[in-house]
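Subject: Handing over the structure, with notes on its contacts

Dear colleague,

I am passing on the structure below for you to look through. My notes on what was found follow it, with the cut-offs given where each term first comes up.

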There are 2 protein chains.
Amino acid sequence: MRRVNLTLYFVTDSTGRSESEFLETVRGACEGGVTLVQLREKEKSGLAYLRLAEKVKQITDAHDIPLIIDDRADIALAADAAGVHVGQSDLPVYAARRLLGGHKIVGATAKTVPQALAAREQGADYLGVGAIYPTTTKVVTVITAVSTLNEIAAQTGLPVAAIGGLNASNLHALYGSRAGGIAVVSAIMNSADPRETASALKRQVLENFGRAGL
Amino acid sequence: MRRVNLTLYFVTDSTGRSESEFLETVRGACEGGVTLVQLREKEKSGLAYLRLAEKVKQITDAHDIPLIIDDRADIALAADAAGVHVGQSDLPVYAARRLLGGHKIVGATAKTVPQALAAREQGADYLGVGAIYPTTTKVVTVITAVSTLNEIAAQTGLPVAAIGGLNASNLHALYGSRAGGIAVVSAIMNSADPRETASALKRQVLENFGRAGL
């Protein structure tokens with residue numbers, strides 16, 4: 001299995017930002033110590049997605065942080081990213097795994113134990129589980145209980161990142177859970193100081209999550 | 001180079017159709033003798049795109065017609081399609097070629113001689129050139145002259161399909177040109193009898209295009 005540190009998983013959202021603003025936020029997050037970056041673009045053409053991935057990878061490489069591409073395994077391969085993340089309506093995990101081979105990371109979103117077990121069976125290296133809280137980045141959100149997250153982590157044995165509306169003020173719901181870390185979009189994207197926000201969130205996770213940093 | 005018969009290249013558009021209606025149209029087109037099929041989906045999620053590609057491939061396989069996937073090389077690979085087609089804002093030709101290897105088809109859209117030469121340089125097997133006429137399937141259309149198409153075919157030596165608003169009543173503009181065939185969307189998609197329309201268009205191309213069927 002490919003090892004992945006989920007302590008602070010930064011999932012991007014470039015919507016409504018200039019490219020330079022966006023890249024500055026990514027840079028700040030990396031300087032602040034995020035442990036994994038996912039580039040998530042739902043509207044961009046293939047070429048624009050690839051070009052942005054190449055630019056983000058220059059930043060993540062400089063900080064030795066793996067870059068994950070949302071959904072498009074072809075973009076992940078073309079950009080030589082560390083891996084791909086697939087949701088339930090994206091490319092299936094087995095297809096992503098077959099395309100990426102055994103050395104790249106495949107992550108999957110799971111909201112239920114059966115989804116999580118299927119993802120593991122098909123070759124997922126880690127799971128994003130949520131949404132723990134309602135989120136502004138997805139229109140329709142199904143809330144996943146922390147108990148479900150714990151059950152998923154226990155039954156799959158995979159590293160799990162909690163996702164969905166998480167920020168410094170509500171993170172305590174996950175203290176003592178089986179989450180290995182958190183995935184955040186807005187908390188960092190919308191921060192006036194992404195570097196400081198990332199740094200503080202990471203500290204908070206490391207000090208309060210039993211499995212962080214593994 | 002992978003050989004490809006561009007005589008009648010059917011490019012699909014599932015917008016506003018039920019899946020069963022859509023698949024019936026594809027089946028009719030195949031029965032009518034289209035020589036190549038491209039599945040083009042701009043709105044579908046990765047999973048829905050893959051599932052539809054698998055269903056279309058059952059039809060094209062039964063008629064021994066190669067299936068090309070628009071833009072997404074990962075879907076093309078996951079569905080084991082014959083190849084991928086990329087436009088100027090999609091994955092670059094070189095990336096598609098690298099991902100698909102030497103045995104699959106990579107097609108590219110070109111509107112100018114420099115674009116066409118770059119596509120050939122990067123590994124394209126054929127070119128779609130147009131739009132010859134305004135088209136209802138793309139919002140913004142730049143018209144390409146038949147003389148440009150001839151220049152592209154002459155300078156690249158690649159097989160060229162003329163595309164853009166083509167139907168039985170305006171095909172004569174391409175008689176005597178260097179086009180090896182035509183790519184059509186609406187002419188077949190919107191036909192009440194896709195089989196008969198495809199059959200008649202194919203006959204018209206074969207009888208009037210010097211390079212058809214090569």
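B:Glu24 and B:Arg27 are three residues apart in helix 1 (residues 19-31) of chain B, so about one helical turn separates them; helices here are DSSP runs of H or I with at least four residues, strands are runs of E with at least two, and both are numbered from the N terminus. The two side chains form a salt bridge whose closest N and O atoms are 3.0 Å apart, the term being used for a side-chain nitrogen of Lys or Arg within 4 Å of a carboxyl oxygen of Asp or Glu. B:Glu24 is partly exposed at 47% relative accessibility, and B:Arg27 is also partly exposed, with a relative accessible area of 32%; buried stands for under 20% relative accessible area, exposed for over 50% and partly exposed for what lies in between, with a 1.4 Å probe and protein chains only.

Please keep in mind that this is a predicted model, in which local features need pLDDT of at least 70 and side-chain atom pairs count only at pLDDT 80 or more, while totals for chains, interfaces and linings use all residues. Residues are numbered from 1 along each chain as its sequence is written, chains are lettered from A and ligands numbered from 1 in the order in which they are written, and side-chain values use heavy atoms, with hydrogens and water left out.

Over all chains the count comes to 24 salt bridges. One of them joins A:Lys42 to A:Asp90, with 3.6 Å between the closest N and O atoms. Because A:Lys42 lies in the loop between strand 2 (36-39) and helix 2 (46-62) of chain A, and A:Asp90 in the loop between strand 4 (83-86) and helix 4 (93-100) of that chain, the pair ties together parts that are 48 residues apart in sequence. A:Lys42 is exposed, at a relative accessible area of 51%, whereas A:Asp90 is buried, at 6%. A network of salt bridges links A:Lys42, A:Asp70 and A:Asp90.

Turning to the interface, 22 residues of chain B and 23 residues of chain A take part in the contact, where contact means heavy atoms within 4.5 Å. The two chains bury about 1,600 Å² between them, 57% of it on carbon and sulfur atoms; this buried area is the accessible area (1.4 Å probe) lost on putting the two parts together, summed over both.

Two salt bridges are found across the interface of chain B and chain A. In one of them the side chains of B:Arg72 and A:Asp71 meet at 3.2 Å, N to O. That pair crosses between chains, from the loop between strand 3 (67-70) and helix 3 of chain B to the loop between strand 3 (67-70) and helix 3 (73-78) of chain A. B:Arg72 is buried, with a relative accessible area of 7%, and A:Asp71 also counts as buried, at 9%.

As for cysteines, the structure holds zero disulfides over all chains, a disulfide being a pair of cysteine sulfur atoms within 2.5 Å. A:Cys30 is buried at a relative accessible area of 4%, and B:Cys30 is buried at 5%.
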